[in-house]
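Work through the exercises below with the coordinates open. Each task is followed by a solution in steps.

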Amino acid sequence: MARRAPLDEMPFRPLNAAVLSSVMHHVPKVEPPMRVVEIARPEPKPIESTPRPEPSVALPKRLDQEKRILYSRDEVHALDRVVQGLAIRLHAQVKASHVMRALTLLLLDAEREVHRRAVDHGAMVRPPNGDMAALQRFERRLADLLADGLRKG
């Protein structure tokens with residue numbers, strides 16, 4: 001709840017002429033300079049040495065589409081560990097969504113090569129969701145195909 005000012009106190013008006021005048025004519029005190037302590041940080045390394053082609057997807061005006069992915073508890077912990085490690089090593093705030101969007105950019109950059117590798121690889125049969133062992137093997141084969149396409153792309 002707001003407090004009331006005492007009746008004998010003048011209300012604060014930040015644009016009062018006297019206040020503005022005192023601010024405009026105020027001479028700040030000169031204080032001794034502060035001692036600056038430099039923290040040794042490693043030199044940032046360039047992330048990429050060769051320029052990447054522009055992605056085939058235009059710069060979005062806003063992010064308004066969602067893709068839902070289900071993870072196991074262990075996968076969530078592992079993903080969080082990777083993301084946190086990146087954040088610590090980059091001295092930046094990094095979230096899982098940033099990592100996923102960066103991986104999406106990599107995939108889009110290598111789209112042509114990934115498709116070429118898929119044609120060379122041949123047909124794959126996706127197992128049902130209930131067969132976790134077969135689904136894991138399918139996703140591992142897909143990951144290997146994508147990794148090969150990303151390396152060559």
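**Exercise 1: the helix α5**

What covers the buried residues of α5 includes α4 (111-121). The model is a predicted one.

Task: List the buried residues of α5 and find where they sit around the axis.

Solution. 
- Step 1. Apply the cut-off for burial, under 20% relative accessible area. In α5, A134, L135, F138, L145 and G149 are buried.
- Step 2. Check their directions. These residues cover an arc of only 100° around the axis, which puts them on the same side of α5.
- Step 3. Turn to the other side of α5, where M132, Q136, R137, R140 and R151 are exposed.

Solution. 

**Exercise 2: V114**

Solution. 
- Step 1. V114 and L150 are 36 residues apart along the chain, and 6.9 Å separates their C-alpha atoms.

**Exercise 3: the helix α2**

Task: Check the length of α2 and find which helix its buried residues pack against.

Solution. 
- Step 1. From first C-alpha to last, the 18 residues of α2 reach 26 Å, close to the 26 Å expected at 1.5 Å a residue.
- Step 2. L79, V83, G85 and A87 are buried in α2.
- Step 3. The buried residues of α2 pack against α3.
- Step 4. Look at what follows the helix: H91 comes after α2 and has a positive phi, near 55°.

**Exercise 4: the largest pocket**

Task: Describe the largest pocket by its volume and its lining.

Solution. 
- Step 1. The space in the largest pocket is about 2,300 Å³.
- Step 2. Its lining has 40 residues, and I69, Y71, M100, L103 and T104 lie nearest the centre.
- Step 3. Assign the lining to helices: α2 (73-90), α3 (96-109) and α5 (132-152) each supply at least two residues.
- Step 4. Sort the lining by class: 26 residues are nonpolar, five polar and nine charged.

How values were computed:
Residues are numbered from 1 along each chain as its sequence is written. This is a predicted model: local features need pLDDT of at least 70, side-chain atom pairs count only at pLDDT 80 or more; totals for chains, interfaces and linings use all residues. Side-chain values use heavy atoms; hydrogens and water are left out. On a 1 Å grid over the protein atoms alone, a cavity is a set of points where a 1.4 Å probe fits but cannot get out, and a pocket is an open set with protein on both sides within 12 Å along at least five of seven lines; lining residues have an atom within 4 Å of a point. Grid points are joined across faces, edges and corners, and a volume is the space filled by probe spheres set on the points. Helices (H or I, at least four residues) and strands (E, at least two) are DSSP runs, numbered from the N terminus. Ala, Val, Leu, Ile, Met, Phe, Trp, Tyr, Cys and Pro count as nonpolar, Asp, Glu, Lys and Arg as charged, and the others, Gly among them, as polar. Buried means under 20% relative accessible area, exposed over 50%, partly exposed in between (1.4 Å probe, protein chains only). The arc is that of the directions from the helix axis to the C-beta atoms. Contact means heavy atoms within 4.5 Å. The expected span of a helix is 1.5 Å times one less than its number of residues.
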